[in-house]
Amino acid sequence: MYRPQWIDLDGVANMRDLGGLPTETGEAVRPRRLLRSDNLQDLSPEAIKTLVTRFGVSDVVDLRTHVELAKEGDGPLRAVTHVRHHHHTLYREDSVESGIPAAERALPWETDERREAAAARAAVADGSQEETDPARRRSHEEFWSEHYLSYLATRPDSIVAALDAIASSEGAAIVHCAAGKDRTGTVVGLALKVVGVSDDLVIADYAASAERVPAIMARLRSSTAYAANLQGKTIAQQSPTTDTMRLLLQTLDERHGGALGWLDTQGWTRADTDRLRRKLLAD
């Protein structure tokens, strides 16, 4: 049975240690090797001390966009000189280079949501789709699994770089985004599959964030970067479900022969797999 190893610190709502997850070959992810979290902007000095001393955090894999970083500013862990930060955005159109300063741009998914809404309105208007026909609408799970697949399709470089940063970390690595469930769930899920954790446990870990969604949304609604985008959105809409990750893993199996099959198309090697296994599994 999967039990989340929650790390309850001042300033985060969705942090946990992946240690203890067994692999299908009888090994287990070691504690204090891979942590996952929502954003780290509000960590207190005591929380930072705990992460660095008790958990041995040496690397932070930040999956937020350039827009988010510009709007939020440097988090307090940036002041810890021996902690390395790796920034890997998962949105193709998100870049430092733009005619509009990052802090003044919309969040990338706001643009995606507007496009989706416009396409749906157009389909209804031209009669190609019935607005009330559930068979013609994507389910919650289909929407999110396709969204995660778009990370792999448009920013495979960032996915591979994030996994490399985990494998290369000297101590514990924290992977985080804003809420710690979607972008983080995708990268962590791939890392766990690479080292041999079963689908059922990867799915269970992904879905565990649902328990923390009310607290996550309360945090993000207090931030100028996210508050406007969360207006009118419900806890149910933002909660991960088991079927979402199941669909993602199923699609990877069908199209690529699994997570490792997809990574192989991106230049990931057996040596890379061995490095990640040593990092997460070795005594």
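Accessible areas were computed by the Shrake-Rupley method with a 1.4 Å probe, and for residues only the protein chains shown count as cover. On this basis, the protein chain exposes about 13200 Å², of which carbon and sulfur atoms supply 49%. The structure is a predicted model, in which local features need pLDDT of at least 70 and side-chain atom pairs count only at pLDDT 80 or more, whereas totals for chains, interfaces and linings use all residues. Residues are numbered from 1 along each chain as its sequence is written, and side-chain values use heavy atoms, with hydrogens and water left out.

The protein chain has twelve helices and six strands (DSSP runs numbered from the N terminus: helices, H or I, of at least four residues; strands, E, of at least two). Of its 283 residues, 53% count as buried, that is, under 20% relative accessible area.

Two packed helices are described by the angle between their axes and the distance between the axes. The axes of helix α7 (residues 199-207) and helix α10 (residues 242-256) come within 8 Å and cross at roughly 140°.

Arg-32 lies in the loop between β2 (16-17) and β3 (34-37). Its phi is near 60°, a positive value in a residue other than glycine; most residues other than glycine have a negative phi. Arg-32 counts as partly exposed because its relative accessibility is 43%, between the limits of 20% and 50%.

Notes:
Buried < 20%, exposed > 50% of the residue type's maximum accessible area, 1.4 Å probe, protein only. Axes fitted to C-alpha atoms, helices over the stretch in contact; angles between N-to-C directions.
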